[in-house]
Amino acid sequence: MQDLRDAVIATLLDAQQGGANINVVVADSTSTSKISPFESAFPERVINVGIAEQNMVGIAAGLALSGSTVFTANAAPFLLARANEQVKNDVCYTDTNVKMLGLNAGFAYGPLGATHHCMNDIAIARTFGNLQIFAPADAAQARGVTLHAIAHRGPVYIRMDSDKVPLLNGDARFTPGKPVVVRQGRDTVVFCLGTIVHEALAADLANVTLVSLPSLWPLDVQAVCELIAAHSHVISMEEHVISGGLASIIGEILHQRRLNRRFTALGVPPYEFTHSSSRKALRQQFHIDANGLRFTLEQAAQGAIA
């Protein structure tokens, strides 16, 4: 069981010790980001701006323009909401070399409710130009995404979880754009956003193909189409609102490529606010846990899902 944040910070530390020029800017989020090992080794390379996300992004852009590779690290619900204009103009529009870690995404803040649930970060990020978007599902993917972000010149958004999860059984090597087949089955293919793939795995459905999509943009659309074409039922599963997120990505591919397949989107319905509860209970409510996936397939088998 490994924390994705530990993998990211260890990767940044290794890169900086190897001669990279990395700075990290946080917004009163030193504990949330688990930045301590990097800060202990390179205290002059960590800037804490306090609870001021707009300043965080603006300072990061300035540091990047001076030649540094800059990571921001703070809670996802406040990054793209409070600093939306700075992300759009100072980072994406100007194609600035800033990498943004959106921490505690999804229902990670459980009982704190809708103000702290991050349900629309992918939807927002997809509207920006020049922005690569990733959502790693385990520590190996998190390390691969971070190495790619360091090497890539330009804006990156990385959706991060705070749970400890095991390594996936799929291909541990990260390739930008490549879908990762975690389990091979037939008839139904389930595309999963981030760590929700572990819920799909827990359903233990031997005849279902499970796919992790750590890279949302860039995305190898042809590889996704081939997976869709090999199955009669397509399911998307995400701890995110289904409008603008993974469901929209898969739905757009189905439409644009004229792929006639049954499609079921599991996630938070559009036009709704979530409520205060545990992450486990919220996943259960929106059928994005193991039992929810089993129930969905049972309903499909009975013809209850069109």
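Glutamate 199 is buried, because its relative accessible area is 18% (buried means under 20%, exposed over 50%, and partly exposed in between, using a 1.4 Å probe and protein chains only). Its side chain meets that of arginine 283 in a salt bridge, 3.0 Å from N to O (a salt bridge is a side-chain nitrogen of Lys or Arg within 4 Å of a carboxyl oxygen of Asp or Glu). This is a predicted model, so local features need pLDDT of at least 70 and side-chain atom pairs count only at pLDDT 80 or more, while totals for chains, interfaces and linings use all residues. Residues are numbered from 1 along each chain as its sequence is written, and side-chain values use heavy atoms, with hydrogens and water left out.

**Glutamate 199 and its partners**

- Arginine 283 is buried too, with a relative accessible area of 8%.
- The pair links distant parts of the chain, as glutamate 199 sits in helix H9 (residues 197-202) and arginine 283 in helix H12 (residues 279-285), 84 residues apart (helices are DSSP runs of H or I with at least four residues, strands are E runs of at least two, and both are numbered from the N terminus).
- Salt bridges with shared partners join Asp161, Asp163, Glu199, Glu239, Arg279 and Arg283 into one network.

**Other salt bridges**

- The structure holds 13 salt bridges.
- One of them pairs arginine 126 with glutamate 252, with the closest N and O atoms 2.7 Å apart.
- Arginine 126 lies in the loop between helix H7 (121-125) and strand S6 (132-134), and glutamate 252 is in helix H11 (residues 246-256), so this pair ties together parts 126 residues apart in sequence.
- Arginine 126 is partly exposed at 32% relative accessible area, and glutamate 252 is partly exposed at 33%.
- Aspartate 3 forms a salt bridge with arginine 5, where the closest N and O atoms are 2.8 Å apart.
- Aspartate 3 is buried at 4% relative accessible area, and arginine 5 counts as buried at 12%.

**Where H1 meets H8**

- The axes of helix H1 (residues 4-17) and helix H8 (residues 139-151) come within 8 Å and cross at roughly 40° (axes are lines fitted to C-alpha atoms, for helices over the stretch in contact, and angles run from 0 to 180 degrees between N-to-C directions).
- That makes H1 oblique to H8 (under 35 degrees is roughly parallel, over 145 roughly antiparallel, 65 to 115 roughly perpendicular, and the rest oblique).
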